Amino acid sequence: MTQQGASATAAIAEGRTSLGVELGSTNIKACLIGPGCQVLATGGHGWENQFVDRLWTYSENAIWTGLQAAVASLMADVERRHGVPLTRIGALGFSAMMHGYLAFDANGALLVPFRTWRNTNTERAAGELTKTLSFNFPLRWSASHLYQAILDEEPHVADLDFITTLAGFVHWRLTGRKVLGVGDASGMFPIDPATHDYDAPMLARFGEMVAARRPGLDAAALLPKALVAGEDAGSLTAEGAALLDPTGRLQPGAPVCPPEGDAGTGMVATNAVAQRTGNISAGTSIFAMVVLEKPLTAVHEELDIVTTPAGDLVAMVHCNNGASELGTWAGVFTQFAAAIGANADANAVFGALFAAALEGEADGGGLLAYNYLAGEPITGMAEGRPLVVRTPGSRLTLANFMRTQLYAAFGTLSLGMNVLRGEGVQLDSMFAHGGMFKTAGVAQRLLAAAIGAPVTVGDTASEGGAWGIAVLAEYLRTGAGSGLSDYLAGRVFAGAKLDVAEPDPVDVEGYAAWLKLYSAGLAIEKAATEAIS
(Lines give C-alpha, C1' and ligand atoms only; values in the text may rest on other atoms or scores of the structure.)
Protein backbone atom coordinates (compact mmCIF):
# COMPACT_ATOMS: atom_id res chain seq x y z
CA MET A 1 0.00 0.00 0.00
CA THR A 2 1.29 3.47 -0.85
CA GLN A 3 1.85 6.08 1.83
CA GLN A 4 -1.10 8.03 0.45
CA GLY A 5 -3.27 4.91 0.56
CA ALA A 6 -2.24 4.15 4.13
CA SER A 7 -3.06 7.71 5.14
CA ALA A 8 -6.51 7.45 3.60
CA THR A 9 -7.16 4.13 5.31
CA ALA A 10 -6.14 5.57 8.66
CA ALA A 11 -8.39 8.60 8.18
CA ILE A 12 -11.36 6.32 7.44
CA ALA A 13 -10.66 4.04 10.40
CA GLU A 14 -10.20 6.98 12.76
CA GLY A 15 -13.23 8.91 11.54
CA ARG A 16 -11.24 11.88 10.16
CA THR A 17 -13.53 12.12 7.16
CA SER A 18 -16.54 14.07 5.99
CA LEU A 19 -19.48 12.67 4.04
CA GLY A 20 -21.64 14.67 1.68
CA VAL A 21 -24.84 13.45 0.05
CA GLU A 22 -26.75 15.44 -2.55
CA LEU A 23 -30.21 14.54 -3.81
CA GLY A 24 -30.24 15.88 -7.34
CA SER A 25 -32.94 15.69 -9.95
CA THR A 26 -31.77 12.47 -11.59
CA ASN A 27 -29.08 11.14 -9.26
CA ILE A 28 -28.43 10.91 -5.54
CA LYS A 29 -24.67 11.19 -5.10
CA ALA A 30 -22.53 10.48 -2.05
CA CYS A 31 -18.93 11.59 -1.61
CA LEU A 32 -16.50 10.83 1.21
CA ILE A 33 -13.52 13.13 1.63
CA GLY A 34 -10.50 13.02 3.88
CA PRO A 35 -8.11 15.66 5.23
CA GLY A 36 -7.36 18.16 2.49
CA CYS A 37 -10.80 17.47 0.98
CA GLN A 38 -9.46 14.76 -1.33
CA VAL A 39 -12.08 12.28 -2.56
CA LEU A 40 -11.79 8.90 -0.85
CA ALA A 41 -14.91 7.17 -2.17
CA THR A 42 -18.14 7.87 -4.03
CA GLY A 43 -21.55 6.28 -4.40
CA GLY A 44 -24.74 6.97 -6.23
CA HIS A 45 -28.29 6.02 -7.09
CA GLY A 46 -30.38 7.05 -10.08
CA TRP A 47 -33.94 8.22 -9.68
CA GLU A 48 -36.55 10.17 -11.63
CA ASN A 49 -39.38 12.48 -10.74
CA GLN A 50 -42.97 11.51 -11.51
CA PHE A 51 -45.69 13.67 -13.03
CA VAL A 52 -48.70 12.90 -10.82
CA ASP A 53 -51.95 14.87 -10.93
CA ARG A 54 -50.14 17.44 -13.13
CA LEU A 55 -47.48 18.03 -10.47
CA TRP A 56 -43.83 16.91 -10.43
CA THR A 57 -42.98 14.87 -7.35
CA TYR A 58 -40.81 12.18 -5.75
CA SER A 59 -42.42 9.79 -3.29
CA GLU A 60 -41.35 9.74 0.34
CA ASN A 61 -40.36 6.10 -0.09
CA ALA A 62 -38.19 6.97 -3.09
CA ILE A 63 -36.34 9.58 -1.01
CA TRP A 64 -35.33 7.10 1.68
CA THR A 65 -34.66 4.06 -0.49
CA GLY A 66 -32.62 6.24 -2.84
CA LEU A 67 -30.64 7.81 -0.01
CA GLN A 68 -29.93 4.40 1.52
CA ALA A 69 -28.86 3.00 -1.85
CA ALA A 70 -26.44 5.88 -2.47
CA VAL A 71 -24.88 5.50 0.99
CA ALA A 72 -24.65 1.71 0.62
CA SER A 73 -22.93 2.23 -2.73
CA LEU A 74 -20.42 4.57 -1.12
CA MET A 75 -19.76 2.21 1.80
CA ALA A 76 -19.08 -0.59 -0.66
CA ASP A 77 -16.69 1.68 -2.56
CA VAL A 78 -14.82 2.45 0.68
CA GLU A 79 -14.21 -1.25 1.31
CA ARG A 80 -13.30 -1.89 -2.32
CA ARG A 81 -10.78 0.95 -2.46
CA HIS A 82 -9.36 0.92 1.04
CA GLY A 83 -10.10 -2.49 2.54
CA VAL A 84 -11.77 -1.16 5.69
CA PRO A 85 -15.46 -0.71 6.57
CA LEU A 86 -16.92 2.74 7.00
CA THR A 87 -18.34 2.91 10.51
CA ARG A 88 -17.26 6.33 11.76
CA ILE A 89 -17.58 9.71 10.08
CA GLY A 90 -16.06 12.94 11.34
CA ALA A 91 -18.85 15.11 9.95
CA LEU A 92 -21.56 14.89 7.33
CA GLY A 93 -23.99 17.03 5.42
CA PHE A 94 -26.97 16.80 3.09
CA SER A 95 -27.98 18.94 0.17
CA ALA A 96 -30.71 18.67 -2.41
CA MET A 97 -32.71 20.41 -5.08
CA MET A 98 -33.71 23.83 -3.79
CA HIS A 99 -37.19 25.29 -3.39
CA GLY A 100 -40.37 23.25 -3.61
CA TYR A 101 -42.78 22.35 -0.85
CA LEU A 102 -42.75 19.66 1.81
CA ALA A 103 -45.58 20.29 4.28
CA PHE A 104 -46.06 18.49 7.60
CA ASP A 105 -48.57 18.37 10.41
CA ALA A 106 -47.78 18.54 14.12
CA ASN A 107 -47.11 14.78 14.20
CA GLY A 108 -44.52 15.04 11.43
CA ALA A 109 -46.71 13.41 8.79
CA LEU A 110 -46.33 14.57 5.19
CA LEU A 111 -49.61 16.24 4.25
CA VAL A 112 -49.33 16.25 0.44
CA PRO A 113 -46.81 14.69 -1.95
CA PHE A 114 -43.53 16.62 -2.27
CA ARG A 115 -43.96 19.44 -4.79
CA THR A 116 -40.62 20.04 -6.50
CA TRP A 117 -39.00 23.17 -7.92
CA ARG A 118 -40.13 22.05 -11.37
CA ASN A 119 -43.81 22.88 -10.83
CA THR A 120 -45.21 26.06 -12.36
CA ASN A 121 -48.72 26.05 -10.87
CA THR A 122 -47.92 28.91 -8.48
CA GLU A 123 -48.19 31.82 -10.92
CA ARG A 124 -50.93 33.71 -9.06
CA ALA A 125 -49.22 33.39 -5.67
CA ALA A 126 -45.79 34.38 -6.99
CA GLY A 127 -47.31 37.38 -8.78
CA GLU A 128 -49.13 38.65 -5.69
CA LEU A 129 -46.08 38.19 -3.46
CA THR A 130 -43.78 39.93 -5.94
CA LYS A 131 -46.15 42.89 -6.28
CA THR A 132 -46.97 43.28 -2.59
CA LEU A 133 -43.46 42.75 -1.20
CA SER A 134 -41.54 44.43 -4.07
CA PHE A 135 -39.22 41.45 -4.32
CA ASN A 136 -39.14 38.79 -7.01
CA PHE A 137 -40.81 35.60 -5.80
CA PRO A 138 -40.21 32.90 -8.43
CA LEU A 139 -42.82 30.24 -9.06
CA ARG A 140 -40.71 27.49 -7.50
CA TRP A 141 -40.00 29.22 -4.16
CA SER A 142 -41.45 27.56 -1.07
CA ALA A 143 -43.31 30.73 -0.08
CA SER A 144 -45.00 30.76 -3.49
CA HIS A 145 -46.09 27.13 -3.04
CA LEU A 146 -47.38 27.83 0.45
CA TYR A 147 -49.34 30.90 -0.57
CA GLN A 148 -50.77 29.17 -3.64
CA ALA A 149 -52.06 26.35 -1.44
CA ILE A 150 -53.72 29.01 0.73
CA LEU A 151 -55.21 30.80 -2.28
CA ASP A 152 -56.53 27.48 -3.57
CA GLU A 153 -58.00 26.70 -0.14
CA GLU A 154 -56.39 23.28 -0.12
CA PRO A 155 -57.70 21.16 2.78
CA HIS A 156 -54.22 20.29 4.06
CA VAL A 157 -53.53 23.94 4.99
CA ALA A 158 -55.71 23.53 8.07
CA ASP A 159 -53.21 21.02 9.48
CA LEU A 160 -49.97 22.84 8.58
CA ASP A 161 -47.28 22.90 11.27
CA PHE A 162 -43.99 23.04 9.36
CA ILE A 163 -42.70 23.40 5.80
CA THR A 164 -39.22 22.77 4.49
CA THR A 165 -37.14 21.81 1.46
CA LEU A 166 -35.92 18.35 0.51
CA ALA A 167 -32.52 18.92 2.17
CA GLY A 168 -34.24 20.28 5.26
CA PHE A 169 -36.53 17.24 5.40
CA VAL A 170 -33.64 14.76 5.25
CA HIS A 171 -31.64 16.72 7.84
CA TRP A 172 -34.64 16.91 10.18
CA ARG A 173 -35.26 13.18 10.06
CA LEU A 174 -31.57 12.37 10.67
CA THR A 175 -30.84 14.94 13.40
CA GLY A 176 -34.19 16.02 14.83
CA ARG A 177 -33.35 19.67 13.98
CA LYS A 178 -35.67 21.85 11.89
CA VAL A 179 -32.97 24.02 10.33
CA LEU A 180 -31.69 25.06 6.90
CA GLY A 181 -28.47 26.46 5.55
CA VAL A 182 -29.03 30.12 4.72
CA GLY A 183 -28.48 29.47 1.01
CA ASP A 184 -31.28 26.91 0.89
CA ALA A 185 -33.45 29.07 3.16
CA SER A 186 -33.06 31.94 0.70
CA GLY A 187 -34.97 29.83 -1.81
CA MET A 188 -37.88 29.60 0.59
CA PHE A 189 -38.18 33.27 1.57
CA PRO A 190 -35.98 36.39 1.15
CA ILE A 191 -32.95 36.72 3.44
CA ASP A 192 -31.61 39.92 5.00
CA PRO A 193 -27.84 39.90 4.24
CA ALA A 194 -27.16 41.93 7.39
CA THR A 195 -28.79 39.43 9.78
CA HIS A 196 -28.45 36.23 7.70
CA ASP A 197 -32.04 35.50 8.65
CA TYR A 198 -35.39 35.88 6.92
CA ASP A 199 -36.11 39.52 6.06
CA ALA A 200 -38.15 40.63 9.09
CA PRO A 201 -40.30 43.40 7.51
CA MET A 202 -41.12 41.21 4.51
CA LEU A 203 -41.89 38.23 6.72
CA ALA A 204 -44.24 40.35 8.84
CA ARG A 205 -46.08 41.57 5.74
CA PHE A 206 -46.24 38.01 4.39
CA GLY A 207 -47.71 36.93 7.72
CA GLU A 208 -50.43 39.54 7.33
CA MET A 209 -51.24 38.27 3.81
CA VAL A 210 -51.48 34.71 5.10
CA ALA A 211 -53.53 35.64 8.19
CA ALA A 212 -56.01 37.59 6.06
CA ARG A 213 -56.93 34.35 4.30
CA ARG A 214 -56.16 31.81 7.04
CA PRO A 215 -56.74 33.47 10.43
CA GLY A 216 -54.58 31.88 13.10
CA LEU A 217 -51.94 30.52 10.73
CA ASP A 218 -48.52 31.90 11.75
CA ALA A 219 -46.47 31.94 8.54
CA ALA A 220 -43.17 32.72 10.26
CA ALA A 221 -43.55 29.74 12.61
CA LEU A 222 -43.80 27.38 9.64
CA LEU A 223 -40.25 28.07 8.41
CA PRO A 224 -37.07 26.25 9.48
CA LYS A 225 -34.36 28.25 11.28
CA ALA A 226 -31.69 29.64 8.94
CA LEU A 227 -28.01 28.92 9.72
CA VAL A 228 -24.79 30.05 8.03
CA ALA A 229 -22.03 27.63 7.02
CA GLY A 230 -20.04 26.41 10.00
CA GLU A 231 -22.83 26.79 12.57
CA ASP A 232 -23.99 23.93 14.75
CA ALA A 233 -26.86 22.13 13.03
CA GLY A 234 -27.08 19.07 15.26
CA SER A 235 -25.66 15.56 15.07
CA LEU A 236 -26.61 12.21 13.60
CA THR A 237 -29.00 10.51 16.00
CA ALA A 238 -29.21 6.77 16.54
CA GLU A 239 -32.51 6.75 14.67
CA GLY A 240 -30.94 8.81 11.89
CA ALA A 241 -27.98 6.46 11.56
CA ALA A 242 -30.33 3.49 11.28
CA LEU A 243 -32.37 5.31 8.65
CA LEU A 244 -29.25 6.19 6.66
CA ASP A 245 -27.66 2.76 7.00
CA PRO A 246 -30.17 0.00 7.87
CA THR A 247 -27.30 -2.53 8.25
CA GLY A 248 -26.35 -0.86 11.53
CA ARG A 249 -22.66 -0.40 10.71
CA LEU A 250 -22.73 3.41 10.70
CA GLN A 251 -22.32 4.89 14.17
CA PRO A 252 -24.35 7.91 15.34
CA GLY A 253 -22.98 11.07 16.87
CA ALA A 254 -21.24 12.78 13.95
CA PRO A 255 -21.88 16.53 13.69
CA VAL A 256 -23.99 17.52 10.69
CA CYS A 257 -23.50 20.83 8.87
CA PRO A 258 -26.46 23.04 7.93
CA PRO A 259 -28.34 21.41 5.02
CA GLU A 260 -27.90 23.31 1.77
CA GLY A 261 -29.44 23.58 -1.66
CA ASP A 262 -27.74 22.42 -4.82
CA ALA A 263 -27.07 26.04 -5.80
CA GLY A 264 -25.00 26.64 -2.67
CA THR A 265 -23.04 23.41 -2.94
CA GLY A 266 -22.36 24.18 -6.58
CA MET A 267 -20.84 27.50 -5.51
CA VAL A 268 -18.65 25.74 -2.95
CA ALA A 269 -17.62 23.05 -5.45
CA THR A 270 -16.40 25.71 -7.86
CA ASN A 271 -14.86 28.14 -5.34
CA ALA A 272 -17.43 30.77 -6.30
CA VAL A 273 -18.56 32.26 -2.99
CA ALA A 274 -16.54 35.51 -3.19
CA GLN A 275 -17.89 38.73 -4.69
CA ARG A 276 -17.44 39.16 -8.48
CA THR A 277 -17.33 35.38 -8.93
CA GLY A 278 -20.04 33.04 -10.07
CA ASN A 279 -20.82 29.55 -11.16
CA ILE A 280 -23.06 27.72 -13.57
CA SER A 281 -24.53 24.34 -12.73
CA ALA A 282 -25.92 22.23 -15.54
CA GLY A 283 -28.11 19.23 -14.84
CA THR A 284 -31.84 18.64 -15.26
CA SER A 285 -32.10 22.38 -14.70
CA ILE A 286 -29.40 24.92 -15.45
CA PHE A 287 -28.68 27.97 -13.36
CA ALA A 288 -26.08 30.66 -12.86
CA MET A 289 -25.13 32.13 -9.49
CA VAL A 290 -23.37 35.50 -9.42
CA VAL A 291 -22.16 36.89 -6.07
CA LEU A 292 -23.08 40.56 -5.94
CA GLU A 293 -21.08 43.49 -4.65
CA LYS A 294 -24.27 45.40 -3.89
CA PRO A 295 -28.06 44.96 -4.23
CA LEU A 296 -29.58 45.34 -7.67
CA THR A 297 -31.34 48.59 -8.50
CA ALA A 298 -34.64 47.04 -9.61
CA VAL A 299 -36.81 43.94 -9.30
CA HIS A 300 -36.26 41.58 -12.22
CA GLU A 301 -38.52 38.58 -12.72
CA GLU A 302 -35.68 36.83 -14.58
CA LEU A 303 -33.50 36.90 -11.45
CA ASP A 304 -33.78 35.29 -8.03
CA ILE A 305 -31.97 37.01 -5.20
CA VAL A 306 -30.61 34.30 -2.91
CA THR A 307 -27.42 33.91 -0.85
CA THR A 308 -24.21 31.94 -0.60
CA PRO A 309 -23.93 29.41 2.25
CA ALA A 310 -22.18 32.22 4.14
CA GLY A 311 -25.12 34.60 3.61
CA ASP A 312 -23.82 36.96 0.89
CA LEU A 313 -26.28 38.16 -1.75
CA VAL A 314 -26.38 36.26 -5.03
CA ALA A 315 -28.26 36.89 -8.25
CA MET A 316 -29.53 33.57 -9.55
CA VAL A 317 -30.62 32.95 -13.12
CA HIS A 318 -32.60 29.72 -12.89
CA CYS A 319 -33.88 27.83 -15.91
CA ASN A 320 -36.13 24.82 -15.39
CA ASN A 321 -34.72 23.02 -18.43
CA GLY A 322 -31.09 22.00 -18.72
CA ALA A 323 -29.31 18.96 -20.10
CA SER A 324 -32.14 16.40 -20.08
CA GLU A 325 -32.99 16.84 -23.75
CA LEU A 326 -29.31 16.43 -24.65
CA GLY A 327 -29.37 13.14 -22.79
CA THR A 328 -32.48 12.02 -24.65
CA TRP A 329 -30.89 12.66 -28.04
CA ALA A 330 -27.70 10.92 -26.94
CA GLY A 331 -29.86 7.92 -26.06
CA VAL A 332 -31.32 7.91 -29.57
CA PHE A 333 -27.84 7.95 -31.12
CA THR A 334 -26.71 5.21 -28.72
CA GLN A 335 -29.60 3.04 -29.91
CA PHE A 336 -28.65 3.76 -33.51
CA ALA A 337 -25.04 2.76 -32.84
CA ALA A 338 -26.23 -0.52 -31.34
CA ALA A 339 -28.57 -1.10 -34.30
CA ILE A 340 -25.70 -1.00 -36.80
CA GLY A 341 -23.37 -3.03 -34.59
CA ALA A 342 -21.11 -0.15 -33.59
CA ASN A 343 -19.78 0.70 -30.15
CA ALA A 344 -22.90 1.58 -28.13
CA ASP A 345 -21.08 2.80 -25.02
CA ALA A 346 -22.96 5.89 -23.82
CA ASN A 347 -19.79 7.79 -22.89
CA ALA A 348 -18.29 7.17 -26.33
CA VAL A 349 -21.48 8.37 -27.99
CA PHE A 350 -21.57 11.51 -25.85
CA GLY A 351 -17.94 12.21 -26.66
CA ALA A 352 -18.49 11.83 -30.40
CA LEU A 353 -21.61 14.00 -30.42
CA PHE A 354 -19.98 16.76 -28.39
CA ALA A 355 -16.88 16.69 -30.60
CA ALA A 356 -19.13 17.04 -33.65
CA ALA A 357 -20.66 20.20 -32.16
CA LEU A 358 -17.31 21.97 -32.42
CA GLU A 359 -17.34 21.36 -36.18
CA GLY A 360 -20.76 22.99 -36.58
CA GLU A 361 -21.33 26.43 -38.03
CA ALA A 362 -21.09 29.22 -35.47
CA ASP A 363 -24.76 30.17 -35.92
CA GLY A 364 -25.96 26.55 -35.90
CA GLY A 365 -26.64 26.51 -39.63
CA GLY A 366 -30.10 28.02 -39.25
CA LEU A 367 -31.37 25.27 -36.91
CA LEU A 368 -33.39 25.97 -33.80
CA ALA A 369 -33.98 23.76 -30.77
CA TYR A 370 -35.94 24.18 -27.56
CA ASN A 371 -35.12 21.89 -24.65
CA TYR A 372 -38.37 22.66 -22.82
CA LEU A 373 -39.47 19.46 -21.13
CA ALA A 374 -41.08 21.59 -18.40
CA GLY A 375 -42.43 25.12 -18.23
CA GLU A 376 -39.90 27.97 -18.37
CA PRO A 377 -40.83 31.09 -16.36
CA ILE A 378 -38.06 33.29 -17.81
CA THR A 379 -39.59 33.02 -21.27
CA GLY A 380 -43.19 32.87 -20.05
CA MET A 381 -43.87 29.21 -20.88
CA ALA A 382 -46.26 27.50 -18.47
CA GLU A 383 -45.49 24.08 -19.96
CA GLY A 384 -42.79 22.65 -22.17
CA ARG A 385 -42.69 21.06 -25.62
CA PRO A 386 -39.23 19.96 -26.81
CA LEU A 387 -38.77 21.09 -30.40
CA VAL A 388 -36.32 21.02 -33.28
CA VAL A 389 -37.18 23.61 -35.93
CA ARG A 390 -35.62 24.35 -39.29
CA THR A 391 -36.45 25.98 -42.59
CA PRO A 392 -35.92 24.32 -45.98
CA GLY A 393 -32.76 26.40 -46.29
CA SER A 394 -31.26 25.36 -42.94
CA ARG A 395 -28.16 23.18 -43.08
CA LEU A 396 -29.06 20.01 -41.22
CA THR A 397 -25.85 18.17 -40.40
CA LEU A 398 -24.82 16.23 -37.31
CA ALA A 399 -22.40 19.02 -36.37
CA ASN A 400 -25.01 21.76 -36.70
CA PHE A 401 -27.64 19.66 -34.95
CA MET A 402 -25.41 19.03 -31.94
CA ARG A 403 -24.17 22.60 -31.74
CA THR A 404 -27.80 23.73 -31.74
CA GLN A 405 -28.69 21.27 -28.98
CA LEU A 406 -25.88 22.64 -26.83
CA TYR A 407 -26.91 26.21 -27.63
CA ALA A 408 -30.47 25.29 -26.61
CA ALA A 409 -29.23 24.18 -23.19
CA PHE A 410 -27.81 27.69 -22.70
CA GLY A 411 -30.43 29.79 -24.52
CA THR A 412 -32.72 30.79 -21.68
CA LEU A 413 -29.76 31.17 -19.32
CA SER A 414 -28.10 33.75 -21.57
CA LEU A 415 -31.32 35.78 -21.70
CA GLY A 416 -31.18 36.07 -17.91
CA MET A 417 -27.47 36.89 -17.91
CA ASN A 418 -28.19 39.77 -20.28
CA VAL A 419 -30.34 41.32 -17.52
CA LEU A 420 -27.37 41.23 -15.13
CA ARG A 421 -25.19 42.91 -17.70
CA GLY A 422 -27.80 45.65 -17.92
CA GLU A 423 -27.42 46.17 -14.14
CA GLY A 424 -23.68 46.69 -14.62
CA VAL A 425 -22.70 43.53 -12.71
CA GLN A 426 -19.01 42.70 -13.20
CA LEU A 427 -17.56 39.18 -13.23
CA ASP A 428 -13.93 38.21 -12.70
CA SER A 429 -14.53 34.49 -13.15
CA MET A 430 -17.34 32.07 -13.92
CA PHE A 431 -16.97 28.42 -12.95
CA ALA A 432 -19.00 25.61 -14.50
CA HIS A 433 -19.85 22.15 -13.25
CA GLY A 434 -22.16 19.30 -14.16
CA GLY A 435 -21.99 16.17 -16.27
CA MET A 436 -22.09 17.99 -19.61
CA PHE A 437 -18.67 19.51 -18.84
CA LYS A 438 -16.96 16.12 -18.54
CA THR A 439 -16.22 16.16 -22.29
CA ALA A 440 -13.29 18.56 -22.22
CA GLY A 441 -13.52 21.89 -23.97
CA VAL A 442 -16.86 21.53 -25.75
CA ALA A 443 -19.79 22.70 -23.59
CA GLN A 444 -17.32 24.94 -21.77
CA ARG A 445 -16.30 26.74 -24.96
CA LEU A 446 -19.85 27.21 -26.20
CA LEU A 447 -21.01 28.41 -22.78
CA ALA A 448 -18.27 31.06 -22.83
CA ALA A 449 -19.74 32.30 -26.11
CA ALA A 450 -23.26 32.24 -24.69
CA ILE A 451 -22.48 34.39 -21.64
CA GLY A 452 -19.65 36.45 -23.13
CA ALA A 453 -17.26 35.69 -20.26
CA PRO A 454 -14.42 33.25 -19.48
CA VAL A 455 -15.63 29.88 -18.19
CA THR A 456 -13.49 27.79 -15.86
CA VAL A 457 -13.81 24.07 -15.21
CA GLY A 458 -11.91 22.60 -12.27
CA ASP A 459 -10.76 19.10 -11.46
CA THR A 460 -13.58 18.68 -8.91
CA ALA A 461 -16.38 19.46 -11.37
CA SER A 462 -17.36 15.83 -11.95
CA GLU A 463 -18.07 15.28 -8.23
CA GLY A 464 -20.25 18.40 -8.15
CA GLY A 465 -22.56 19.19 -5.27
CA ALA A 466 -21.95 15.99 -3.30
CA TRP A 467 -18.32 17.04 -2.94
CA GLY A 468 -19.46 20.59 -2.20
CA ILE A 469 -21.63 19.57 0.75
CA ALA A 470 -18.84 17.25 1.97
CA VAL A 471 -16.54 20.30 1.95
CA LEU A 472 -19.12 22.24 4.00
CA ALA A 473 -19.17 19.34 6.47
CA GLU A 474 -15.36 19.42 6.59
CA TYR A 475 -15.53 23.20 7.12
CA LEU A 476 -17.73 22.55 10.15
CA ARG A 477 -15.17 19.98 11.39
CA THR A 478 -11.90 21.82 10.76
CA GLY A 479 -12.53 25.36 9.52
CA ALA A 480 -13.26 27.20 12.76
CA GLY A 481 -11.92 30.74 12.69
CA SER A 482 -11.85 31.07 8.89
CA GLY A 483 -14.40 32.74 6.67
CA LEU A 484 -15.81 30.36 4.08
CA SER A 485 -14.26 32.22 1.13
CA ASP A 486 -10.80 32.24 2.76
CA TYR A 487 -11.14 28.58 3.74
CA LEU A 488 -11.94 27.53 0.19
CA ALA A 489 -9.22 29.66 -1.42
CA GLY A 490 -6.50 28.83 1.06
CA ARG A 491 -7.18 25.25 2.12
CA VAL A 492 -9.29 23.61 -0.57
CA PHE A 493 -8.51 25.11 -3.97
CA ALA A 494 -4.95 26.36 -3.46
CA GLY A 495 -3.51 23.65 -5.74
CA ALA A 496 -6.50 22.95 -7.96
CA LYS A 497 -5.98 22.44 -11.69
CA LEU A 498 -8.15 24.85 -13.65
CA ASP A 499 -9.00 24.97 -17.35
CA VAL A 500 -10.18 28.36 -18.61
CA ALA A 501 -12.03 28.87 -21.90
CA GLU A 502 -12.09 32.44 -23.22
CA PRO A 503 -14.99 33.45 -25.48
CA ASP A 504 -14.08 32.86 -29.12
CA PRO A 505 -15.08 35.94 -31.20
CA VAL A 506 -16.45 33.78 -34.03
CA ASP A 507 -18.52 31.72 -31.58
CA VAL A 508 -19.75 34.88 -29.83
CA GLU A 509 -20.94 36.40 -33.09
CA GLY A 510 -22.55 33.15 -34.23
CA TYR A 511 -24.26 32.59 -30.91
CA ALA A 512 -25.64 36.14 -30.90
CA ALA A 513 -27.20 35.50 -34.32
CA TRP A 514 -28.59 32.19 -33.13
CA LEU A 515 -30.02 33.76 -29.92
CA LYS A 516 -31.82 36.41 -31.95
CA LEU A 517 -33.50 33.63 -33.96
CA TYR A 518 -34.15 31.70 -30.74
CA SER A 519 -35.94 34.70 -29.19
CA ALA A 520 -38.08 35.19 -32.28
CA GLY A 521 -38.90 31.48 -32.40
CA LEU A 522 -40.35 31.44 -28.90
CA ALA A 523 -43.67 32.12 -30.60
CA ILE A 524 -43.37 28.63 -32.12
CA GLU A 525 -42.80 27.11 -28.69
CA LYS A 526 -45.78 29.02 -27.33
CA ALA A 527 -48.00 27.76 -30.15
CA ALA A 528 -46.84 24.19 -29.53
CA THR A 529 -47.84 24.36 -25.85
CA GLU A 530 -51.28 25.56 -26.85
CA ALA A 531 -51.81 23.09 -29.69
CA ILE A 532 -50.37 19.89 -28.18
CA SER A 533 -51.70 18.74 -24.83
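I started with Glu153, which I found in the loop between α4 and β8 (162-164); helices (H or I, at least four residues) and strands (E, at least two) are DSSP runs, numbered from the N terminus. I noted that this is a predicted model, where local features need pLDDT of at least 70, side-chain atom pairs count only at pLDDT 80 or more, and totals for chains, interfaces and linings use all residues. Residues are numbered from 1 along each chain as its sequence is written, and side-chain values use heavy atoms, with hydrogens and water left out.

**Entry 1: positive phi**

Glu153 is not a glycine, yet its phi is positive, about 55°. Is Glu153 buried or exposed? I read a relative accessible area of 65%, so Glu153 is exposed (buried means under 20% relative accessible area, exposed over 50%, partly exposed in between, with a 1.4 Å probe and protein chains only).

Cys37 also has a positive phi, near 65°. I located Cys37 in the loop between β2 (27-33) and β3 (39-46), and at 5% relative accessibility it counts as buried. I jotted down the background too: most residues other than glycine have a negative phi.

**Entry 2: Ser134**

I looked up Ser134 in the loop between α3 (123-133) and α4 (142-151). Ser134 is exposed, with a relative accessible area of 54%. Leaving out residues up to four places away in sequence, Ser134 touches Leu129 and Val299 (contact means heavy atoms within 4.5 Å).

**Entry 3: overall build**

I counted 18 helices and 22 strands in the protein. Buried residues make up 58% of the 533 residues. Of the contacts with a separation of 6 or more, 72% join residues 24 or more positions apart.

**Entry 4: the cores**

Which residues touch the most other members of the largest nonpolar core? I found Phe189, Phe206, Phe410 and Met436, in a core of 126 residues (a set of buried Ala, Val, Leu, Ile, Met, Phe, Trp, Tyr and Cys residues joined through side-chain atoms within 4.5 Å). Helix α13 (residues 398-422) gives this core its largest share, 10 residues. A second, separate core has 45 residues, including Leu23, Met97, Leu174 and Leu250.

I then followed Phe410: beyond four places in sequence, Phe410 touches Ile286, Met436, Ala443, Leu446, Leu447, Ala450 and Tyr511.

**Entry 5: what packs on α13**

The axes of helix α12 (residues 346-358) and α13 come within 7 Å and cross at roughly 95° (axes are lines fitted to C-alpha atoms, for helices over the stretch in contact, and angles run from 0 to 180 degrees between N-to-C directions). That makes α12 roughly perpendicular to α13 (65 to 115 degrees; under 35 is roughly parallel, over 145 roughly antiparallel, and the rest oblique). Among the residues in contact are Leu353 and Phe354 of α12 and Met402 and Leu406 of α13.

Helix α17 (residues 505-520) packs with α13 at an angle of about 80°, with their axes 10 Å apart. That pair, α13 and α17, is roughly perpendicular as well. Phe410 is one of the α13 residues meeting α17, where Tyr511 is among the partners.
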